[in-house]
Amino acid sequence: MSSFSLGKELAGTVRKDGAATLQDEVAQLFVEARDDVYRYLLSLGLYPPQAQEGAQEVFLRLYATLKKGEKIQNPRAWIFRVAHNHGLKIRSRQTSQGPFDAELELRIASSEMNPEQNVLEREQNLRFHKAVHGLSEQQQRCLFLRLEGLRYPEIASALGISASAVGEFLRRAIARLKRGEL
Amino acid sequence: MKTLTRHPEDHELLLYADGELPVRAAGRVRSHLEACWNCRSGLEELETTIGDCVRYRKDVLQPFLPSPPAPWMDIYQGFQRIDAATEPGIFTRLSKFLAPVKAHRWATAAVALLAFTALLYRFLETPDVQAAELLQKAVAAAGSRPDKPRRIEIRTSQHRLTRIAGVRSAAASSAADVDALNSLQALFVAAKYDWDDPLSARSYQAWRNQLADKRDEVTQEPGAYRVRTTTGSSELVAASLTLRTPDLTPVQERFEFRDREWVEIAEIADVSVAPNADGSGVAGSASPRKFETNAAPPASVPSMSAPAMPAPASIGDELHVFASLHQIGADLGDPIEVTRTGGTVVVGGVGLDPHLRQEINDALGNDPHVTVRFSDSSPPVARPDRSVAPETAVNPDLRQLQARMADQVGGRVRFDELAAQVLDLSDNMMARAYALRRLAEHFPPESESGLSPADLDQLQRIRQEHAAVLRQRAADIDRLLRPMLVSVTGTPAKPSAISQTNAEDLFQSARQVEKLLAMMFGTVPGEAWDDRLPARLLSGITDLRARSEAFDRPTVSPDRRDR
């Protein structure tokens, strides 16, 4: 049997399942948030294949957790918290940290990659990127998680620090970015 | 409310901007900001930096970080694995079976377990349905069908055209159509996508194969596969192709270009149309073929031959659409347009939540009289912010009035809570008022002769449900505010003597109350403020309650349906 036709059968089997609602909800969230989780895992220093695998794993864990009947107040915050912990675990097994920045700088500066931007915009983007890169690891994490829409207590829970510490990390990050410090 | 006697620290401003300050502290900072240009300017700088961060995420991180190296997994297969792993029945049964231990039974069990494991492994390790493989099969399937031109409808944000696919050129019926087709052709040529035959697996495959980077997603929908490809290396940044399941015939396509232009193409059912002598197609007004989800076409019938077109959509069909939307709660303020045009009821919307889209598709997708069409070309319309904006300077007289009312209800905190509660009720009420007005616009009394008795009953039921909620919300607002307003104005409003009203009058009355509430609680600048505001609000609420009670009340005969 070809993989195509078997895949068709598989998909049909799954979708006919009576308990499809939970699956559909998690699948919907997967489609909406997987790229954000993937990027967050890249920002932690994972290589792209590990980041993608990790992102997928997080949504499967969400499904398994919900299936057990556990209540999750804010699934998006939960996903990022689990992604953070899972990402750090994967990173600790990597022999080196993923090149989050090196290639990115080249891409930002490349006129071929982003021809619609003028020189000034490219320079601004590069400068801002370098400023973000200059933030401490905790400042970066707080900033990235805040950009994903997490509130202070949710970031605090993900990073294992207090909400007031999150506020302080964010304040310092914003102050440095405002001054354009590299 | 007390104001800060000192300037807020940077961290307080950030907490304030992020909504992380407790209500009282936020109120103090807000009051300080109203008075202090320095701090307001500081807050603006802070917001600018936050805006820079958001742009950085959108313009740098999203486009420039490396794309996932492989297609995303079919998450449903992962669910299946989890379900299988957590299924208790098999192991329970197995342990029962193995309970009376005997050698020969152990051996049998081991063989059975081995066979089961092998089967499970084969089942789980099956490769995902890949876009490339699916396209290859679709191309092969197309090659086995008679090669005849097909008529397609092309929709963009500004145009709706038809043409013949599979020919070198396409004539149009007007100069405007020619221009539109030419500009579309230019878009497709720039994206290296075959314009001559855009609705084909071969063209999609050719475009996809030449992309330097790409990401695919294959999903199964009822009766169809959908391949979606996104890329950063083409003017065409995303395309999706829907293939009918039985024979992999392309039936729909959507293209999203870098400049945010979008194009949708669908096959049209019209067997009578043939290309002109020069091989060109003509623009016309034929309707797009409804996507057939379950019907497998006979092998001998060419792909352009379609089942007989359904009868044009009637006002009853339009009502069924409203009833379906009502059933899933999609008639309460979501930007969904319903229009009956060209013999079909078109349900469309821009920037809708994907989950809601899916619900609407599920509810209406199989109705042959309905075309569901959504677009992402604009961001969703933001709901007005009901919180008091720090930049909004509150009129001193209004502030004084609010202070008096706050005293009446037990303090500023209670007043703020009351304001939030009432504004929520008002939102809820207005959703119903809009829904009623929309029903009245689509189904005016003169159109009701086209509805069957069952449809009329259905229409009446929807109206009554909206009216009942509106009535309840108006009563809730009245109950919460009347004591406070009476104590401030000193005179209760006279009851309104309204025995009959229609949807438009009811809407206007609700709208008036909504506006006055917004002014009263300072969510809009109070230019129109005057000291009669509490009395006007009280009178408005009284009028609204009377109208909501009178709405849809039968007065002449049971058959008469009031708007």
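Reader: Which residue in strand 7 of chain B stands opposite Phe255(B)?
Author: This is a predicted model, in which local features need pLDDT of at least 70, side-chain atom pairs count only at pLDDT 80 or more, and totals for chains, interfaces and linings use all residues. Residues are numbered from 1 along each chain as its sequence is written, while chains are lettered from A and ligands numbered from 1 in the order in which they are written. Strand 6 (residues 250–257) and strand 7 (residues 262–267) of chain B run antiparallel and are joined by five bridges; strands (E, at least two residues) and helices (H or I, at least four) are DSSP runs numbered from the N terminus, and two strands pair if DSSP finds at least two bridges between them. The residue opposite Phe255(B) is Val263(B).

Reader: In what order do the seven strands of the open sheet in chain B lie?
Author: The pairing in this sheet is antiparallel. Its edge strands, each of which pairs on one side only, are strand 2 (160–165) and strand 3 of chain B. The order is 2-1-7-6-5-4-3.

Reader: Which residue of the turn between strand 3 and strand 4 of chain B has a positive phi?
Author: Strand 3 (residues 215–221) and strand 4 (residues 224–230) of chain B run antiparallel and share seven bridges, with Glu221(B) opposite Ala224(B). The two strands form a hairpin with two residues between them. A positive phi of about 80° is found in the turn at Gly223(B).

Reader: At what angle do helix 10 and helix 14 of chain B pack?
Author: Two packed helices are described by the angle between their axes and the distance between the axes. Axes are lines fitted to C-alpha atoms, for helices over the stretch in contact, and angles run from 0 to 180 degrees between N-to-C directions. For helix 10 (residues 315–327) and helix 14 (residues 453–489) of chain B, the axes lie 10 Å apart and the angle is about 35°.

Reader: How many nonpolar residues does the contact of helix 10 with helix 14 of chain B have?
Author: Helix 10 of chain B contributes residues including Leu319(B) and Phe322(B), and helix 14 of chain B contributes residues including Leu459(B) and Ile462(B); residues are in contact if their C-beta atoms, placed from the backbone, lie within 7 Å. Ala, Val, Leu, Ile, Met, Phe, Trp, Tyr, Cys and Pro count as nonpolar, Asp, Glu, Lys and Arg as charged, and the others, Gly among them, as polar. Beside three polar and one charged residues, the number of nonpolar ones is five.

Reader: How many helices are there in chain A?
Author: From the N terminus on, the elements of chain A run α-α-α-α-α-α-α-α-α. Chain A has zero strands, and its helices number nine.

Terms used: Contact = placed C-beta atoms within 7 Å.
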